[in-house]
Structure formats: structure tokens, C-alpha cells
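This report covers selected helices, a residue inside one of them, and a surface patch. The sequence and structure come before the details.

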Amino acid sequence: AVTGVATTRGEEEPGTLDVLMSTPQSRLAIFWQKMAALFAALVAVSLLIGIMFFVGLFVAGETLPFWAIMGTLVNIGVAAGFWGAAGVLAAQFISRRRMASIFIGTLIVSAYLLNSTAETVPSLKGLTWITPFHYYNMSKPLVPGRILDWTGVAVLLAGTAVMLAFAAWLFARRDAGVGFSLLPARHTARLGALTRPPSMAMLGSIFAKNLRDLIVPSLLWGFGLAAYCAIMVATTNEALSPMYEVMNQIPLFTKLFGSLSSNEAYLSVGIFFYLPLVLILFALTQVWGWASDEEDGRMEALVSEPAPRWQVAVAAYAAATVGLAVILALITAGTLLTARLVSLDIDGWHVVSAVLATAPLVLVTLAFGLALATWLPRPGPAVGLTGALVVLMFFVNTLAPMFDWPEVVSNLTLFHYYGRPVIDGIAWGDMGLLMAAALLFAVAGLVGFQRRDIAR
């Protein structure tokens with residue numbers, strides 16, 4: 001999806017697409033050749049996954065039907081292609097590559113959480129039909145007796161084709177470098193949009209400017225996650241009983257999540273198992289914004305002002321912290337208010353503790369990513385490296401109890417220190433260690449930024 005955004009928007013921001021469009025090729029030819037390259041890369045990645053899958057089977061001495069594996073790869077590739085096309089379409093409306101990527105990433109996470117919730121709650125089952133993940137889940141070729149469901153594949157392929165055709169139509173008709181305007185220029189002029197001077201609100205300091213940039217994203221993240229938490233709380237009584245029966249029949253689930261013997265235990269699985277990871281994605285968007293500002297040349301103008309560099313870095317940390325506080329406040333309010341409205345008996349303080357305990361994980365990730373961005377020759381790779389490390393730690397922490405790995409393995413992950421605060425309360429010692437780590441990484445970032453030559 002992120003690569004789909006970059007196929008057009010990635011070249012428009014620095015202006016290199018203008019050079020490409022000056023060649024004797026039509027816009028549609030340029031667009032479709034870019035799409036061919038995008039999907040050729042997707043096929044190559046799918047083949048690489050398949051090769052490594054067969055290598056893993058060989059090493060483990062196991063066998064699986066060849067066509068079942070190929071069907072699984074097709075299913076994965078088609079689903080990824082759908083979201084790649086969604087990224088391409090989003091880039092036609094949103095003029096900033098970073099904002100378009102954040103939008104499509106948020107849409108993916110929202111669709112996944114909605115589908116996961118709706119599949120376990122009978123009254124919400126009908127909502128699964130509007131999520132692409134439902135059509136991906138229709139196919140389970142590796143399950144004995146199941147095959148690749150061509151209906152689900154056809155729906156995803158049709159959606160991909162429609163989005164690409166619409167994106168091509170927009171690309172051929174819009175101005176390069178800007179998003180497609182839904183209102184004709186004469187209408188916006190009549191509304192006075194073209195005659196008003198640009199707003200100077202909150203541009204009086206570096207911190208205020210950072211805060212202004214975060215207002216809308218923070219509110220979107222906060223209201224979106226609050227809505228998800230509200231759905232989970234409102235359906236707790238309906239979902240708890242069937243989930244309890246299923247998980248008791250599968251000891252592995254009990255080993256991983258514990259017994260679902262209380263409302264808090266259900267919310268620990270339904271909300272707080274994913275919440276730290278989702279909020280860490282918010283931190284990664286801030287690291288991405290920092291890296292983009294430097295690589296696109298905007299950071300040079302900022303550090304040329306008569307203000308010490310440490311103020312620039314501290315302002316970024318402080319604004320991100322305020323944005324995180326807004327998100328956590330909305331999540332807490334949405335969860336507790338919904339519990340009150342549906343008369344759900346939960347420990348309010350433990351819910352507040354579980355939300356607050358996510359903050360050190362997010363701040364550690366933010367500080368680590370920004371420190372990495374200031375010490376690497378180019379800041380861009382810091383986003384991918386930090387994200388890959390977080391995903392690795394999430395899976396290690398999840399798999400460690402399933403495979404009885406030594407406790408020292410899970411101790412190396414951020415998520416181990418989060419624990420299950422909605423059940424057990426906050427482990428203050430672990431939170432203190434995370435905050436100390438966040439402070440150390442923040443200092444490392446300040447030192448790195450102070451000594452670095454801004455990338456050109």
C-alpha cells in the first residue's frame with residue numbers, strides 16, 4: 001500500500017515526475033507502466049515468500065501439497081494487490097505522500113480490526129462483507145478439505161481493477177503535484193478559498209507549528225481507536241460466552257491469553273493485545289515525518305533560523321507527546337463511557353492503567369526511531385528499521401509462551417514490559433525502565449541531531 005502511494009506521489013513531491021512527463025509518452029502510458037512495475041514487484045515478493053516457505057518445510061522435514069501453497073500465495077498476493085491499488089487511488093486525492101500513506105495505513109488497520117471484531121460477534125457479522133479481509137479469509141488452501149475460494153479472489157481482483165481504472169482517470173486529468181479537487185476552481189473561488197491569505201495560526205514557535213501539524217492526525221487516531229474500543233465494550237456480553245467456549249477447547253489460546261473468566265480478561269484480548277502495537281504505528285508516523293522533512297529539504301530552512309537545534313528536536317518530542325495524550329484521553333473516555341452506557345461491570349482504574357501503560361512503549365519507539373534517524377547517514381531507513389524491530393518483538397513476545405521459550409527471550413521485547421495491566425494493574429518497575437530507556441534514546445537523538453550535517 002505504501003509503495004502504491006509512492007508510485008506517483010513519491011515522484012511528484014520532489015518534482016522528478018515533471019521530467020518524466022516531458023518525454024513523448026502519454027500520462028496513461030506512464031501510469032500503466034508504473035502499475036506494471038508495482039505488480040511485477042508484488043509477484044517477485046510472493047515468489048520469494050514461496051521459496052522461503054519451501055525451504056522451511058525442507059529444513060523441518062515436513063511436506064504440504066504444492067497447490068495448497070501456491071493457492072495461499074495467490075490469495076496473499078491478490079489481497080496485497082488490492083491494498084496497493086487503494087494506495088495508488090489515495091495518492092490521487094492527497095497531495096502529501098506521508099499523509100496519503102498514513103491515511104491508507106489507518107484504513108488497513110481499521111478494516112482489519114473491524115473484520116476481526118465482526119467475525120466473533122453474531123450481531124455484527126453482516127459488517128464483514130464490507131471489509132477486504134473477509135474475502136481474503138474465505139480462502140484457506142492450507143486447511144485440509146479447503147481450497148482457494150475463487151469468489152473471494154474475484155471480488156478482490158474486481159475491486160483492484162476498479163480502483164486502478166479510477167486512479168488512471170484521475171492521474172490523466174489532475175495537475176501534477178497536487179491532489180484531485182472535488183470542487184471546480186470557479187466554485188472554490190466563489191467561496192473565497194483562493195482569495196483568503198494562508199492561515200498563520202500557531203506558527204509563532206517551533207513547538208506550536210509541530211502541534212498544529214498533529215492536531216488533525218491525533219484527533220483522527222483518537223476518535224478511530226475510541227470507536228473501536230466502544231464497539232468491543234458494547235459487544236462484550238455477547239462475545240464473551242462463545243469465545244470462552246472456543247478458547248477452553250484450544251489449550252494453546254489459554255496458554256497465550258489466559259482464561260477469559262472476566263470482562264477485563266476479554267478486553268485484554270480484544271483491545272489491549274493490539275492497542276500498544278497500533279499506537280506504536282502512530283509513533284512511526286512521527287519518525288517518518290521527521291525523516292521526510294530532512295530528506296525533502298524542509299529541515300534545512302528550519303535549522304537555519306536563529307534557534308538552537310535542541311529546540312527543534314525537543315519541540316518534535318513534546319508535540320508528539322501531546323498528540324499521544326489526546327489519543328489516550330479519547331480512548332479512555334470512549335471505553336469508560338460505553339461501559340457505563342451498556343452497564344458493563346469493569347474495573348475503571350484498571351482500564352485507565354491499561355491505556356496509560358501504552359505511553360512508555362510509544363515514547364520508547366519514538367525516541368529510538370528519532371535517535372536512529374539522527375545518527376544514520378540518511379534518516380529514511382530509520383522508519384523501516386524501527387518498524388521491523390517492533391514487529392519482530394511483537395511476534396517474539398506472542399510466540400514465546402506458545403513454544404515455552406526461555407523467559408529471557410521475551411524480556412528483550414517492549415511488549416513483555418507492558419504485561420496485562422487491565423487484569424493485573426500497572427507494573428511500575430517495568431514502566432520506570434521503559435521511561436528511562438525513552439529518556440536515554442531521546443538524549444542520544446539530541447546529541448545526534450546537534451552534530452549531524454542535514455541531508456541534501
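Buried means under 20% relative accessible area, exposed means over 50%, and partly exposed lies in between (1.4 Å probe, protein chains only). The model is predicted, so local features need pLDDT of at least 70 and side-chain atom pairs count only at pLDDT 80 or more, while totals for chains, interfaces and linings use all residues. Residues are numbered from 1 along each chain as its sequence is written, and side-chain values use heavy atoms, with hydrogens and water left out.

Helices here are DSSP runs (H or I, at least four residues), numbered from the N terminus. Two residues placed in helices are compared below.

Beyond its neighbours within four places in sequence, N75 has contacts (heavy atoms within 4.5 Å) with Y136, S139, L148 and V153.

V322 also belongs to a nonpolar surface patch of about 680 Å², together with F207, I215, V216, L219, L220, F223 and V326. Such a patch joins nonpolar side chains (Val, Leu, Ile, Met, Phe, Trp, Tyr) within 5 Å, from residues with over 30% relative accessible area and no salt bridge; a salt bridge is a side-chain nitrogen of Lys or Arg within 4 Å of a carboxyl oxygen of Asp or Glu. Accessible areas come from the Shrake-Rupley method. Helix α9 (206-234) and helix α15 (309-341) each supply at least two residues, and α9 gives the most, with 6.

Helix α18 (residues 381-402) has 22 residues and should span 32 Å at 1.5 Å a residue, which agrees with its end C-alpha atoms being 32 Å apart. The expected span is 1.5 Å times one less than the number of residues. Buried residues of α18 include V383, V390, M393 and F394. D404, which follows α18, has a positive phi near 55°.

Key:
Patches are made of residues with over 30% relative accessible area and no salt bridge: like charges are joined within 9 Å, nonpolar side chains (Val, Leu, Ile, Met, Phe, Trp, Tyr) within 5 Å. Accessible areas come from the Shrake-Rupley method with a 1.4 Å probe; for residues, only the protein chains shown count as cover.
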